[in-house]
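Subject: Structure handover

Hello,

Here is the structure for your files. My notes on what was found follow below it.

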Amino acid sequence: MKPGEIRKLSVDEIRAKLLDSRDELMKLRFQQVTGQLTDTSHLRVLRRDIARMETILRESERAAIEGAK
């Protein structure tokens, strides 16, 4: 996902997608260990998507804190 697409989502939607992505990453890791995974580049893409979502969540949390001051 692109950062612009993530920013359009609500915080709850981002958290739900984050949980789904982490679950998918865990499944892909198991597939890699057992030798069933053929496209290993998907692991890298998924890790970066997770990092993007976490970063945008943190930005929104900090903006809420700054807005409350």
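L9 sits in the loop between α1 (3-7) and α2; helices here are DSSP runs (H or I, at least four residues), numbered from the N terminus. At 24% relative accessibility, L9 counts as partly exposed, because buried means under 20% relative accessible area, exposed means over 50%, and partly exposed lies in between (1.4 Å probe, protein chains only). Setting aside neighbours within four places in sequence, L9 is in contact with M1, I14 and K17, where contact means heavy atoms within 4.5 Å.

Before going on, a note on the source. This is a predicted model, in which local features need pLDDT of at least 70 and side-chain atom pairs count only at pLDDT 80 or more, while totals for chains, interfaces and linings use all residues. Residues are numbered from 1 along each chain as its sequence is written, and side-chain values use heavy atoms, with hydrogens and water left out.

The helix pair

How do α2 and α3 pack? Their angle is about 155°, and their axes are 10 Å apart. The axes are lines fitted to C-alpha atoms, for helices over the stretch in contact, and the angles run from 0 to 180 degrees between N-to-C directions. That angle makes α2 roughly antiparallel to α3 (angles over 145 degrees count as roughly antiparallel, under 35 as roughly parallel, 65 to 115 as roughly perpendicular and the rest as oblique). The crossing of α2 past α3 is left-handed, that is, the near helix is turned anticlockwise from the far one by less than a right angle.

On the α2 side, the contact is made by V11, I14, R15, K17, L18, S21, R22, E24, L25, L28, R29 and Q32. On the α3 side, the residues are H42, L43, L46, R47, I50, M53, E54, I56, L57, S60 and E61. By class, this contact has 11 nonpolar, 4 polar and 8 charged residues (Ala, Val, Leu, Ile, Met, Phe, Trp, Tyr, Cys and Pro count as nonpolar, Asp, Glu, Lys and Arg as charged, and the others, Gly among them, as polar).

S21 lies in helix α2. At 10% relative accessibility, S21 counts as buried. S21 touches L46, I50 and M53, not counting residues up to four places away in sequence.

The core

Which residues form the largest nonpolar core? There are 12: I6, I14, L18, L25, L28, L37, L43, L46, I50, M53, I56 and L57. Such a core is a set of buried Ala, Val, Leu, Ile, Met, Phe, Trp, Tyr and Cys residues joined through side-chain atoms within 4.5 Å. The elements giving two or more residues to this core are α2 (11-34) and α3 (41-68). The largest share, 6 residues, comes from α3. With residues up to four places away in sequence left out, L28 touches L37, H42, L43 and L46. In soluble globular proteins, nonpolar side chains tend to be buried together.

Other residues

K2 is placed in the segment before α1 and is exposed, with a relative accessible area of 60%. K2 and R52 are 50 residues apart along the chain, and their C-alpha atoms are separated by 8.3 Å.

T34, in helix α2, is exposed at a relative accessible area of 54%. The C-alpha atoms of T34 and D23, 11 residues apart along the chain, are separated by 17 Å.

R48 is found in helix α3 and counts as partly exposed at 45% relative accessibility. R48 and G35 are 13 residues apart in sequence and 23 Å apart in space, C-alpha to C-alpha.

Regards
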